[in-house]
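Hi,

Here is the structure I said I would pass on. Have a look at it first, and then read my notes below.

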Amino acid sequence: MAFTFSDEDIQRIAAALAATPQIEGSSVRFSLADPESGRRLTLEIQRALALPSALQNVMPPNLISVYTPSSFLQLQGCTGYLASQELGEVIFFGRQQGFVSGLVVEREVGCSLYANVHERLLSADFMQLPPEMIMSSVALSMSETLFNDLDES
C-alpha cells in the first residue's frame with residue numbers, strides 16, 4: 001500500500017518543527033522563520049495528488065516541497081518520514097528501485113536534499129566512503145528500518 005500522511009503524521013511533523021500547520025484540503029503548509037539570521041522557508045505537503053492513471057500504481061500520490069527566497073526543492077512520491085523533536089528536524093524519504101532520496105527540514109530553518117543514494121550505502125562502513133559521500137549516507141541510513149516491509153518497487 002502506498003504511503004499517505006495521516007493527521008497524526010502532520011501533528012508529529014508540527015511538533016518536531018515547532019510550527020503550526022496550515023491545512024487547506026489535502027495541502028498542509030508550515031512556515032518557518034529565524035529573525036536573527038533572516039532565514040525563512042515554507043514546507044508544503046500535498047497529501048493526495050490526483051495522479052494520471054499511468055502513475056497511480058507507480059508512486060505514492062504525495063509531494064513534499066520546500067520554498068525559500070533562493071531555492072525550491074521537491075521530493076515526489078514520499079515513502080516515509082522520520083520526525084525528531086530532540087533534533088528539531090524531519091527527514092522525508094523516497095525510495096525506488098534500490099535508490100533513496102531524502103529531504104531534511106530543520107526547525108532552525110535549514111534544509112538539505114540528498115538524491116539518488118544507493119541503498120547499499122546506507123549500511124556501508126562510513127569510514128570506507130569518500131568524505132563527500134559520508135553525510136548523505138549517515139543522514140539517510142536512519143531510513144533503513146522504514147523500508148524493511150516495503151517491496152522493491
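**Serine 65 and its surroundings**

The side chain of serine 65 makes a polar contact with the side chain of glutamine 74, at 3.4 Å. (A polar contact is a pair of N or O atoms within 3.5 Å; within protein, one must be able to donate a hydrogen and the other to accept it, and residues adjacent in sequence count only if both atoms are side-chain atoms.)

Before I go on: this is a predicted model, where local features need pLDDT of at least 70 and side-chain atom pairs count only at pLDDT 80 or more, while totals for chains, interfaces and linings use all residues. Residues are numbered from 1 along each chain as its sequence is written, and side-chain values use heavy atoms, with hydrogens and water left out.

Where does serine 65 sit? You'll find serine 65 in strand β4, residues 63–67. (Helices, H or I with at least four residues, and strands, E with at least two, are DSSP runs numbered from the N terminus.) Serine 65 is buried, with a relative accessible area of 2%. (Buried means under 20% relative accessible area, exposed over 50%, partly exposed in between, with a 1.4 Å probe and protein chains only.) Setting aside neighbours within four places in sequence, serine 65 is in contact with Thr42, Leu43, Glu44, Phe72, Leu73 and Gln74. (Contact means heavy atoms within 4.5 Å.)

**Serine 31**

Another serine to look at is serine 31, which belongs to strand β2, residues 27–34. Serine 31 counts as partly exposed, at 46% relative accessibility. Not counting residues up to four places away in sequence, serine 31 touches Ala19, Gln22, Leu41 and Thr42. Serine 31 and valine 66 are 35 residues apart along the chain, and their C-alpha atoms are separated by 9.9 Å.

**Salt bridges**

Side chains of opposite charge can pair when their charged atoms come close. How many salt bridges does the whole structure have? The search finds 5. (A salt bridge is a side-chain nitrogen of Lys or Arg within 4 Å of a carboxyl oxygen of Asp or Glu.)

One of them pairs the side chains of arginine 47 and aspartate 7, at 3.0 Å from N to O. Arginine 47 lies in the loop between β3 (39–46) and β4, and aspartate 7 in helix α1 (residues 7–17), so this pair ties together parts that are 40 residues apart in sequence. Arginine 47 counts as buried at 14% relative accessibility, whereas aspartate 7 counts as exposed at 52%.

Arginine 12 and aspartate 9 also meet through their side chains in a salt bridge, again 3.0 Å from N to O. Both lie in helix α1, 3 residues apart, which is about one turn of the helix. Arginine 12 is partly exposed at 39% relative accessibility, while aspartate 9 is buried at 9%.

Then there is arginine 39, which forms a salt bridge with aspartate 34, the closest N and O atoms being 3.8 Å apart. Both partners count as partly exposed: arginine 39 at 40% and aspartate 34 at 23%. Salt bridges that share partners also join Glu8, Asp9 and Arg12 into one network.

**Cysteines**

What about disulfides? The whole structure has 0 of them. (A disulfide is a pair of cysteine sulfur atoms within 2.5 Å.) Cysteine 78 counts as buried at 0% relative accessibility, and cysteine 111 is partly exposed, with a relative accessible area of 26%.

Best wishes
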